[in-house]
Amino acid sequence: MIVTPHAAEYSEEAIGTVRRIAAEEAVRVLTGQPARFPVNDVTVGSHSPKSP
């Protein structure tokens, strides 16, 4: 898993929020819960055969 925070506005509050959300997401994934904000959903179509 790669966590890369992005803040459109630079402020101490925004940076704190982005860090908190990134940490919460890491905890969710590491405890077996789905990510709330996945970049690429590996569960969609990854194991299903292609249609002809």
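1. In this predicted model, arginine 28 is partly exposed, because its relative accessibility is 24%. Its side chain meets that of glutamate 25 in a salt bridge, with N and O 3.9 Å apart. Both residues belong to helix H1, where a spacing of 3 residues places them about one turn of the helix apart.

2. Glutamate 25, by contrast, counts as buried, because its relative accessibility is 11%. Helix H1, in which glutamate 25 lies, covers residues 12-30. Leaving aside residues up to four places away in sequence, glutamate 25 touches Ala35, Arg36 and Phe37.

3. Arginine 36 forms a salt bridge with glutamate 25, and their closest N and O atoms are 2.9 Å apart. Arginine 36 lies in the segment after H1 and glutamate 25 in helix H1, so this pair ties together parts 11 residues apart in sequence.

4. Arginine 36 also forms a salt bridge with glutamate 24, at 3.5 Å between the closest N and O atoms. That pair, 12 residues apart, likewise links the segment after H1 to helix H1. Arginine 36 is partly exposed at 42% relative accessible area, and glutamate 24 is partly exposed at 31%.

5. The structure holds 4 salt bridges. A network of salt bridges links Arg20, Glu24, Glu25, Arg28 and Arg36.

6. Proline 38 is placed in the segment after H1 and is partly exposed, with 47% relative accessibility. Its C-alpha is 9.4 Å from that of glutamate 25, at a separation of 13 residues in sequence.

7. Overall, the protein has 1 helix and 0 strands. Of its 52 residues, 10% count as buried. The protein exposes about 4,800 Å², of which carbon and sulfur atoms supply 60%.

Technical notes: Residues are numbered from 1 along each chain as its sequence is written. This is a predicted model: local features need pLDDT of at least 70, side-chain atom pairs count only at pLDDT 80 or more; totals for chains, interfaces and linings use all residues. Side-chain values use heavy atoms; hydrogens and water are left out. Helices (H or I, at least four residues) and strands (E, at least two) are DSSP runs, numbered from the N terminus. Buried means under 20% relative accessible area, exposed over 50%, partly exposed in between (1.4 Å probe, protein chains only). Accessible areas come from the Shrake-Rupley method with a 1.4 Å probe; for residues, only the protein chains shown count as cover. Contact means heavy atoms within 4.5 Å.
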